[in-house]
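Welcome! Have a look at the structure below, then try the exercises and compare your steps with the worked solutions.

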Amino acid sequence: MQKYVCTACDYIYDPALGDPDSGIKPGTAFEDIPDDWECPDCGVNKEDFEPFEED
């Protein structure tokens, strides 16, 4: 699954891990996260994330 990175703080959303503290279960694709979800590290909106390309 595609990981996404926060353009403000570099937090990486990994679908395999989800974001349990925000109610996002492991295995949840980024596209399936509610639009009002915020970065758990810096609080920016979901729209401030972009696909993460691993080297």
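**Exercise 1.** Are Phe 30 and Phe 49 buried or exposed?

*Solution.* Start with the ground rules. This is a predicted model, where local features need pLDDT of at least 70 and side-chain atom pairs count only at pLDDT 80 or more, while totals for chains, interfaces and linings use all residues. Residues are numbered from 1 along each chain as its sequence is written, and side-chain values use heavy atoms, leaving out hydrogens and water. Next, the cut-offs: buried means under 20% relative accessible area, exposed over 50%, and partly exposed in between (1.4 Å probe, protein chains only). Both Phe 30 and Phe 49 are buried; for Phe 30 the relative accessibility is 7%.

**Exercise 2.** Which kind of aromatic pair do Phe 30 and Trp 37 form?

*Solution.* Rings of Phe, Tyr and Trp (its six-membered ring) pair if their centres lie within 6.5 Å; planes under 30 degrees apart count as stacked, over 60 as edge-to-face and the rest as tilted. The whole structure holds seven aromatic pairs. For Phe 30 and Trp 37, the centres are 6.2 Å apart with 90° between the planes, an edge-to-face pair. Trp 37 is buried too, at 5% relative accessibility.

**Exercise 3.** How many disulfides does the structure have?

*Solution.* Recall that a disulfide is a pair of cysteine sulfur atoms within 2.5 Å. A search of the whole structure gives zero. Take Cys 6: its closest cysteine sulfur, in Cys 42, is 3.7 Å away, so the distance is too far for a bond. Cys 9 is in no disulfide either, with the sulfur of Cys 42 nearest at 3.7 Å.
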